[in-house]
Amino acid sequence: MAAEPKRRHSQARKRTRRAAINLAVNLVNCKNCAKPMQSHTICNACGFYGNKEINKSTKVQVTKA
Ligand SMILES: [Zn+2]
């Protein structure tokens, strides 16, 4: 039989945990404009991905599980 939690976690405890997950997005400095940006996405400031400029309308959406 699987172990069961004795008490449910409060809403505040759950929300605190999930807020920390959202803060853990990996920020790197853009190679083109040196501003902090999410890794593996197009830079919001200059629209570069890697060393190529990419149209900002085709933004890569990152969804968190
Ligand atoms: Zn940039």
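Cys-46 counts as partly exposed because it has 16 C-beta neighbours inside 10 Å, where partly exposed lies between buried (20 or more other C-beta atoms within 10 Å of a residue's own) and exposed (12 or fewer), with C-beta atoms placed from the backbone. The structure is a predicted model, in which local features need pLDDT of at least 70, side-chain atom pairs count only at pLDDT 80 or more, and totals for chains, interfaces and linings use all residues. Residues are numbered from 1 along each chain as its sequence is written.

**Overall architecture**

- The protein chain contains one helix and four strands, these being DSSP runs numbered from the N terminus, with helices (H or I) of at least four residues and strands (E) of at least two.
- Along the sequence, these elements follow the pattern α-β-β-β-β.
- Of the 65 residues in the protein chain, 5% are buried.
- Among the contacts in the protein chain with a separation of 6 or more, 8% join residues 24 or more positions apart, a contact being a pair of residues whose C-beta atoms, placed from the backbone, lie within 7 Å.

**Confidence**

- The mean pLDDT of the protein chain is 81, and 80% of its residues reach 70 or more, where pLDDT is the predictor's confidence in each residue on a scale from 0 to 100.
- Where pLDDT is low, predicted coordinates should not be read in detail.

**The loop between S2 and S3**

- Cys-46 is located in the loop between S2 and S3, and, leaving aside neighbours within four places in sequence, Cys-46 is in contact with Cys-30, Asn-32 and Cys-33.
- The C-alpha atoms of Cys-46 and Cys-30 are separated by 8.8 Å, while the two residues are 16 residues apart along the chain.
- Ile-42 also lies in the loop between S2 and S3, and Ile-42 counts as buried because it has 21 C-beta neighbours inside 10 Å.
- From C-alpha to C-alpha, Ile-42 and Ile-54 are 7.4 Å apart in space, although 12 residues apart in sequence.

**Positive phi values**

- Most residues other than glycine have a negative phi.
- Ala-34 counts as exposed, because it has 11 C-beta neighbours inside 10 Å.
- His-40, which is not a glycine either, has a positive phi of about 65°, and His-40 is found in the loop between S2 and strand S3 (48-49).
- His-40 counts as exposed, because it has 11 C-beta neighbours inside 10 Å.

**The loop between H1 and S1**

- Asn-26 lies in the loop between helix H1 (11-23) and S1, and Asn-26 is exposed because 9 other C-beta atoms lie within 10 Å.
- Not counting residues up to four places away in sequence, Asn-26 touches Gln-38 and Ser-39.
- The C-alpha atoms of Asn-26 and Met-37 are separated by 8.3 Å, the two residues being 11 residues apart along the chain.

Note on methods:
Contact = placed C-beta atoms within 7 Å.
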